[in-house]
Amino acid sequence: MIDRDEVLHVARLARLQLSEQEVQAMTGELSAVLDHIAKIGELDLDNVSPTSHVVEVTGALRPDEPVASLTREVALAQAPAVSGDGFLVPSPQA
Amino acid sequence: MNNTDIFDLSSAQAVAAIDAGTLSSGELFDAYRARASNDELNCFTWLAEQAPKDATTPPSQSPLNGVPLAVKDLFCTEGVPSQSGSRILEGYRPPYTATAVARLEEAGATLLGKTNQDEFAMGSSTENSAYGPVRNPWDPERVPGGSSGGSAAAVAAGLAPWALGTDTGGSIRQPAALCGIVGLKPTYGAVSRYGMIAFASSLDQAGPLTRDVTDAALMLRHMVGRDPRDATSLQFPEEVSLPSAERLDGVRLGVPQELTGEGIEGGVLEAFQATLARAEELGAQVHSVQLPHAPHALSAYYILAPAECSSNLARFDGVRYGARAQDAHDLLDMYTRTRHDGFGAEVKRRIMLGTYALSSGYYDAYYGRAQRVRTKIAEDFKAAFAEVDLIVTPTAPTVAFRLGEKTADPWSMYLNDYCTVPMSLAGIPAISIPCGLSEGLPVGFQIAGPVFSENRLLDAAYALEQVLGFDGSPARVSGAGGPA
């Protein structure tokens, strides 16, 4: 149901590198899971509205008042690499 | 008080003993700290060195009296490793504390340790942790369930008085069932999700794993409430009471045919039926109800939850925190290799599944349809609750299974959540209580109610607990490698 090319395409979308072994395993496993999931295709769902949130929430906005946030030093403390006062990453175009 | 007596106390009893002056909070903490440090089940990923000095706040200001609390790893705790069972967050020490943990600490709970879990809460056996599997104190060759398996096993083994977990599709209730303890998933929104490392945001909910129903009520009381930092959190409409019901007179219990037949192990069904008989003796009326779309809940869940996870886990890219792959030749290479190295097999599977379901050309067939199935499931429950007060099912289709037994076939693992996922999709509260043994292993009895019916659930669970008289002590004796 999902072939090797699709697995590679989806992995690219997910920014996920897969080893050759993982690609092979994923093709079989995802197909098996999708076979089960596909059973919802049998249901008549015309005129049914979608639910994304189950409990009704109204007036969820809090007052727009500035409060203290993390200091720059604290925000950078867990980063794998920093440069000056920012996160350091490899160049997008090496 | 000697250690045997200390470990016999529930959390509520420990609070009372400290009030009465027969036990000090320091003594209690030290006893559990020592016992937890001999953990042979791999429940903990981090243990506190000592109780914080301010744990001796006077009782009037601190209703939980310093009772130690084990916390699932995915709750952010300031300065304390919070790795969500993942290699990609190895060594991560957050700069802030999750609201649920902060509220319990404000009420006087003391952080004892962080508990092992399936990576990012994805799993039903706690075999998917980067920090090794957790074992079940009833039989160390078997899994504790998951994903809150470390929390459940720690409470069952008496390594912690009580623990905090999270439930997305059954991750509190199923491990509670497999370990013979109480687990409660509150109404979606009852407890703030702020500071919980997210899996599926429309489903994730924090809740207690405890030795008995009273402890579950006591912990829940100090967790609920609106939090300005979680826009989906809600004001709990009443105080959470400590349960006291002795009878179930007039309570209508609905038994859904769809969740109590095919696929449920014989011994589990027997224990379930025996518990229904006890409920009738207490005055409950047992009715058959229908949840026609419940058999499709698992399919809908395994579209919605992976879709949300694929989005939530995009944040793990090696830039701001956590691990990063070295010697990348450009930014994209750094992202893709960091994620390859940092995520385990099940997390990769779910990210792939979710990304596929959300990708162009498949969105309507998968995500769109799953959201419509969710509507039908919520409507099924609404219709059922017009006829009955509470719905009861077995919590899990089987007792605890052997390590490795279900890892090769993802769908066989996913079937663990067959009876718990429908309530998650509907956002309603559900509790699992231990109701007996099958082949020497605990069986869970699940009670679900309408939105914000936690007090009624707890009362019904309490009344049943009194007559069932489940004995969890065998797990506490064997759990720490010997008598307490």
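Biologist: How many residue pairs are in polar contact between chain A and chain B?
Modeller: There are 20 such residue pairs between chain A and chain B, both residues being at pLDDT 80 or more. A polar contact is a pair of N or O atoms within 3.5 Å; within protein, one must be able to donate a hydrogen and the other to accept it, and residues adjacent in sequence count only if both atoms are side-chain atoms. This is a predicted model: local features need pLDDT of at least 70 and side-chain atom pairs count only at pLDDT 80 or more, whereas totals for chains, interfaces and linings use all residues. Residues are numbered from 1 along each chain as its sequence is written, chains are lettered from A and ligands numbered from 1 in the order in which they are written, and side-chain values use heavy atoms, with hydrogens and water left out.

Biologist: What area do chain A and chain B bury between them?
Modeller: About 5,100 Å², with 69% of it on carbon and sulfur atoms. Buried area is the accessible area (1.4 Å probe) that two parts lose on being put together, summed over both. Of the area that chain A buries against chain B, Gln17(A), Ile40(A) and Gln78(A) supply 13%, more than any other three residues. In terms of contact (heavy atoms within 4.5 Å), 52 residues of chain A meet 62 residues of chain B.

Biologist: And how many salt bridges are there between chain A and chain B?
Modeller: Two, where a salt bridge is a side-chain nitrogen of Lys or Arg within 4 Å of a carboxyl oxygen of Asp or Glu. Glu22(A) pairs with Lys348(B), and their closest N and O atoms are 2.6 Å apart. There is also a salt-bridge network that links Glu29(A), Glu346(B), Arg349(B) and Arg350(B).

Biologist: How many salt bridges are there over all chains?
Modeller: The count comes to 16. One of them joins Asp230(B) and Arg193(B), at 3.5 Å from N to O. Asp230(B) lies in the loop between α7 (213-221) and β7 (252-256) of chain B, and Arg193(B) in the loop between β5 (182-185) and β6 (205-210), so this pair ties together parts that are 37 residues apart in sequence.

Biologist: Are Asp230(B) and Arg193(B) buried or exposed?
Modeller: Both are buried. Buried means under 20% relative accessible area, exposed over 50%, and partly exposed in between (1.4 Å probe, protein chains only). Another salt bridge, between Arg221(B) and Glu239(B), also has its closest N and O atoms 3.5 Å apart. There, Arg221(B) is partly exposed at 28% relative accessibility, and Glu239(B) is exposed at 57%.

Biologist: Switching topic: which residues have the most contacts inside the largest nonpolar core?
Modeller: Phe44(B), Phe75(B) and Phe120(B), in a core of 185 residues. Helix α9 (residues 297-312) of chain B gives the most to this core, with 10 residues. A nonpolar core is a set of buried Ala, Val, Leu, Ile, Met, Phe, Trp, Tyr and Cys residues joined through side-chain atoms within 4.5 Å.

Biologist: What is the phi of Phe120(B)?
Modeller: It is near 50 degrees, a positive value in a residue other than glycine. Phe120(B) lies in the loop between β3 and α5 of chain B and, at 1% relative accessibility, counts as buried. Beyond its neighbours within four places in sequence, the contacts of Phe120(B) include Ile88(B), Phe199(B) and Phe316(B).

Biologist: Which residues does the cis peptide bond join?
Modeller: Gly146(B) and Ser147(B), with omega at about 10 degrees. Ser147(B) is in the loop between β3 (110-115) and α5 (149-156) of chain B.

Biologist: Into which domains is chain B divided?
Modeller: Domain 1 (3-248 + 459-479) and domain 2 (295-371); such bounds come from an automatic or database domain assignment. Their C-alpha centres lie 28 Å apart. The two domains of chain B bury about 1,600 Å² between them, of which carbon and sulfur atoms give 65%. Ile88(B), Met122(B) and Phe199(B) supply 40% of the area that domain 1 buries against domain 2, more than any other three residues. Across this interface the rule finds zero salt bridges, while the count of residue pairs in polar contact is 10.

Note on methods. Helix = DSSP H or I, 4+ residues; strand = E, 2+ residues; numbered from the N terminus.
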